[in-house]
Number of protein chains: 2
Amino acid sequence: MKKKSKSISELNATISRVDEICRSNNLGFTDIRKQVFEIIIKNNKPIKAYQILDEIRNITNKPSHPPTVYRAIDFLIENGFVHKLNSINSFVGCFHPKTHEECYFLICKKCNLYQECCDDSLKDRISKTAVHNNFIISNTTLEIEGHCLDCSKK
Amino acid sequence: MKKKSKSISELNATISRVDEICRSNNLGFTDIRKQVFEIIIKNNKPIKAYQILDEIRNITNKPSHPPTVYRAIDFLIENGFVHKLNSINSFVGCFHPKTHEECYFLICKKCNLYQECCDDSLKDRISKTAVHNNFIISNTTLEIEGHCLDCSKK
DNA sequence: CATTGCAATGTTATAACATAACATATATAA
DNA sequence: TTATATATGTTATGTTATAACATTGCAATG
């Protein structure tokens, strides 16, 4: 389980990476989208849409509305830069965008830190289950809630 | 993928089974709870809380309110008789309550039919992933969305 | 350089999902 | 009887998300 925040350099590297991906794929990484992405990725923990909205209002001192945030989130999810945790209606940044399609998560209920856990054996197992049921996967939600090592010690 | 509705006898068997479990565990399977359970399990497809509320209103012709439904759902989920599909804010009945803790799902986006797919190899794989990350699981959400055989043929 | 088209954003309103808080009822045990 | 616990009724509100339409800005085309 992740113990501490990502380093500044790691954050910046991820942001640059997304910037590049957008440029090379002709995706408009607009100010709003960049802003929302940065808020999500810097948050370290899953963040909710209305928290993002509050932050934007604080930063810009302008009126902002839910659709602005949700549209940006949609863009970021569509392109794999952000994931939604359905079990807690929250959003997390992806630290290795475009390197995998599916993303699985461990979420600590106590400290709220999360970790992507996208190992291939798990992916394979899920694929096999789908095949076995004659099912064509379009997207998978795997969210494992519980306690990380630190929090289960306490 | 499930092709058709469960048979009446299968439904009744499940309802009786739940009834028994409640009796032997001293759980109050009250009228409201039974009613909500029956609505969910007979629906065959994932159903939403407010749809359940509408059905109750139709059946009873009395004023009913969201908390009534959500309380019943909470009871049913706590005791493993119903599961929530977080990815679509919907509820499904469990056809083998108390025989497993975790329940995984295949959900067809086209016809909305769902199937529980709780094979042990998948469960083991998830456990191993958790162990590998020093993580203690309290609950797992695995929802695989896509298309069932029938719908992918069309 | 219009003007047309398109993608993104602004804005208002409301839909959809869920729970807090307190009142009432019902059953059962002390 | 009274106390206690469990369940339900009821009002209000909190939280999450989207529909619908107006406006802006920019780039391609004539």
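**View 1. Strand pairing between β5(A) and β5(B).** Strand β5(A) joins β5 of chain B (residues 136-147) through 11 bridges, and the two run antiparallel. Strands pair if DSSP finds at least two bridges between them. Strands are DSSP runs of E with at least two residues, helices are runs of H or I with at least four, and both are numbered from the N terminus. Across the pairing, Glu143(A) stands opposite Thr141(B) of β5(B). The model is predicted: local features need pLDDT of at least 70, side-chain atom pairs count only at pLDDT 80 or more, and totals for chains, interfaces and linings use all residues. Residues are numbered from 1 along each chain as its sequence is written, while chains are lettered from A and ligands numbered from 1 in the order in which they are written.

**View 2. The contact of chains A and B.** Chain A brings 32 residues and chain B brings 32 residues. Contact requires C-beta atoms, placed from the backbone, within 7 Å. On the side of chain A that touches chain B, α5 (120-132), β5 (136-147) and α6 (149-153) of chain A give two or more residues each. β5(A) gives the most, 12 residues. This side of chain A holds 13 nonpolar, 14 polar and five charged residues. Nonpolar means Ala, Val, Leu, Ile, Met, Phe, Trp, Tyr, Cys and Pro; charged means Asp, Glu, Lys and Arg; the others, Gly among them, are polar.

**View 3. The surface near DNA strand D.** DNA strand D is surrounded by 18 residues, the closest being Pro66(A), Gly28(B), Thr30(B), His65(B) and Pro67(B). Near means a C-beta atom, placed from the backbone, within 6 Å. α4(B) gives the most to this surface, four residues. The surface divides into nine nonpolar, five polar and four charged residues.

Terms used:
Two residues are in contact if their C-beta atoms, placed from the backbone, lie within 7 Å.
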